[in-house]
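Take a walk through this protein with the sequence and the 3D view side by side.

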Amino acid sequence: MIRHVIRGARHTVVARMVLALAAVALGAASAGLATADGDTHSAPEPGSVRRLTEAQYRAAIADTFGDDIKIIGRFEPDLRVDGLIAVGTSVVSVTPGGLDQYEHLARGVAEQVTDAAHRNRLVGCAPGPADPSGVKCAATFFARVGRMLYRRPLTSAETGGLARLAIAGGRGLGNFDQGLATALAGMLTSPEFLFRMDRAAGHAVDGYSKAQRLSYLLWNAGPDDALLAAAGAGALDTPDGLAHTVDRMIAAPQFARGVRAFFSDFLALDDMDGLSKDPLLYPAFNASVAADLREQTLRTITDLLVTQRGDYRDLFTTRRIAMTRTLGPIYQVPVARDGWSVHEFPVGDPRSGLLSHASLLALHAHPGRTSPTLRGKAIRETLLCEKIPSPPANVNFAVVQDVNNATLRTTRARLAAHLDDEQCASCHKLTDPLGLGLENFDGAGQFRVAERGDVIDASGSFDQRRFDNAIGLGQIFHDSPKVAACLVATTWRYATGRNITAADAPVVAELDRRFAAQGYRVVDLMRAIAVEPAFYATSPTAGPDVVAARANRKDRS
């Protein structure tokens, strides 16, 4: 019922979005940004605008209105840039089709919030003798929910403008609640909600922007009431106050969600959605298995790194793994109980560590066969932060793809023949030795000892160290300083939403040093970033007060 009113107001919504994003593009931080209701804010700094991901959008709705508000519709796909969706969020764009999708989502949420089943709890007021038009009720509602949706308190001009829009919409529709839904839907299509727009206070962002950066790093969600209160009180502007807040957030249950979000992005586990395999070759693999494989890896990671506060390097050698009955056939493990449990592979089992997780093995393989090249490329780019060029357009893959070759019976043999092409050899020499170390696992991640009757040779070398199989390769990765350094660099990129700049380099180097000194604990790494003054700088080049703050900071770790 509110569709036509929203459509009529759409030009205002689009205009606000265009104004906001144009101000960012032009670097109009000092000029201010006039919104549709006539209020003025300091404009966001150039490069400090990040679109909410689907997960963050969903969290915002649940945190503001409750888990029973359903989000119905499709999202514009999140964009992965240089390996991270977190970096892609800084590519500020919403297509016309994407705006239509956001409008549909907003309309559905707003109608539920104001329906008979939810309005008493979520709105909590109505027009009455003391407030005949309902304008005070509307203003109170928008001030309360706007604080969560915009991740800062609304100005009086903003709440007044939203209340007037709601009352006007209610008159047109003949119903106060529908007018309220109209204005709420406008909020949910506003750039203030859909984008994380930082605002400056000197050379650092302001308190509410600090709260926003903190909450999305540590919780992958917007600030809670306590964090917004700390921002408003100036507690985030002192080293002790910031450290106290960070410690509270790390101790909260939401921190595990934040770590899961980071590793899901880091390992591209979202690509498991829709992953399919040839059902004739891999009958044990299906969509349910793919979903459980993703969850398996995330549960294993959070158990080791968050619950146990373990050493990140042990992720490559641990024999403990989360397990369900669904995954039993993939791992050839009998699982008697329903639900999730912890399985420990015995000594002598061919599996241990992250490199033997079926999620990654299946993700970086073809639908009907393995791919040492894809697996090696993923290892180099994700875990070592190296860039592998894409193959030339005219490469002939016929030899590699011919799984029925009577002479070249194994993948290793076919890849060796492929390396006769000198143009291909330079990249394959980087990727294939690592990927061949995982050849004991088929395209669905199941263990095998032979390919077409020939015993698989999974040996190789990395960093001048030999390995015989995935377990040996995992041990080398455990010991490699490159692997730890890559995690630090990726975590900083995830936190800031950009690639590392020259100004970032000394900060990242210091984080790397401290990561090693503190036992390679991810919890400590995230804490170090959260209290790092450069994390709150308004641009990649730290200003003098940020440098001074870093120099004078008490090291509380």
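Predicted model: local features only at pLDDT ≥ 70, side-chain atom pairs only at ≥ 80, totals over all residues.

The protein averages a pLDDT of 87, where pLDDT is the predictor's confidence in each residue, from 0 to 100. A score of at least 70 is reached by 84% of the residues. Residues 1-47 stay under 50 in pLDDT. For that stretch the model has 89 contacts beyond four places in sequence; a contact means heavy atoms within 4.5 Å. Residues 542-557 also have a pLDDT below 50. The model gives this stretch 29 contacts beyond near neighbours in sequence.

Residues are numbered from 1 along each chain as its sequence is written, and side-chain values use heavy atoms, with hydrogens and water left out.

Now the disulfides. A disulfide is a covalent bond between the sulfur atoms of two cysteines. Here the term is applied to a pair of cysteine sulfur atoms within 2.5 Å. How many does a search of the whole structure find? The search finds 2 disulfides. Counting bonded cysteines along the chain, their pattern is 1-2, 3-4.

Cysteine 125 sits in the loop between helix H5 (119-122) and helix H6 (135-149), and cysteine 137 sits in helix H6, so the pair ties together parts that are 12 residues apart in sequence. Helices (H or I, at least four residues) and strands (E, at least two) are DSSP runs, numbered from the N terminus. Are the two cysteines buried or exposed? Cysteine 125 is partly exposed, at a relative accessible area of 23%. Cysteine 137 is buried, at 4%. The cut-offs are these: buried means under 20% relative accessible area, exposed over 50%, and partly exposed in between (1.4 Å probe, protein chains only).

Another disulfide joins cysteine 385 to cysteine 486, with 2.1 Å from S to S. The link of cysteine 385 and cysteine 486 is right-handed, with 80° about the S-S bond. Cysteine 385 lies in the loop between helix H17 (372-383) and helix H18 (398-401), while cysteine 486 belongs to helix H22 (residues 481-496), so this pair ties together parts that are 101 residues apart in sequence. Cysteine 385 is partly exposed, at 39% relative accessibility. Cysteine 486 is buried, at 2%.

Next, look at two polar side chains in loops. Glutamate 76 lies in the loop between helix H2 (54-65) and helix H3 (85-88). Its relative accessible area is 14%, so glutamate 76 counts as buried. Which side chain does the side chain of glutamate 76 make a polar contact with? The partner is the side chain of threonine 95, at 2.3 Å. A polar contact is a pair of N or O atoms within 3.5 Å; within protein, one must be able to donate a hydrogen and the other to accept it, and residues adjacent in sequence count only if both atoms are side-chain atoms. Leaving aside neighbours within four places in sequence, glutamate 76 is also in contact with residues including Arg51, Ser93 and Gln101. Glutamate 76 and glutamine 101 are 25 residues apart in sequence, yet 7.2 Å apart in space, C-alpha to C-alpha.

Asparagine 220 is placed in the loop between helix H10 (207-218) and helix H11 (225-232). Asparagine 220 is buried, with a relative accessible area of 10%. Its side chain makes a polar contact with the side chain of glutamine 56, at 2.8 Å. Beyond neighbours within four places in sequence, the contacts of asparagine 220 include Ala59, Gly258, Ala261 and Tyr494.

Turn to the backbone. Aspartate 463 has a phi near 50°, a positive value in a residue other than glycine. Aspartate 463 lies in the loop between strand S11 (460-462) and strand S12 (465-467). At 37% relative accessibility, aspartate 463 is partly exposed. Tyrosine 520 also has a positive phi, near 55°. Tyrosine 520 is found in the loop between helix H23 (505-517) and helix H24 (522-530). At 18% relative accessibility, tyrosine 520 counts as buried.

Helix H13 (residues 254-266) and H24 pack at an angle of about 95°, with their axes 12 Å apart. That makes H13 roughly perpendicular to H24. Axes are lines fitted to C-alpha atoms, for helices over the stretch in contact, and angles run from 0 to 180 degrees between N-to-C directions. Angles under 35 degrees count as roughly parallel, over 145 as roughly antiparallel, 65 to 115 as roughly perpendicular and the rest as oblique. At the meeting point, Phe255, Val259, Phe262 and Phe263 in H13 meet Val522, Val523 and Met526 in H24.
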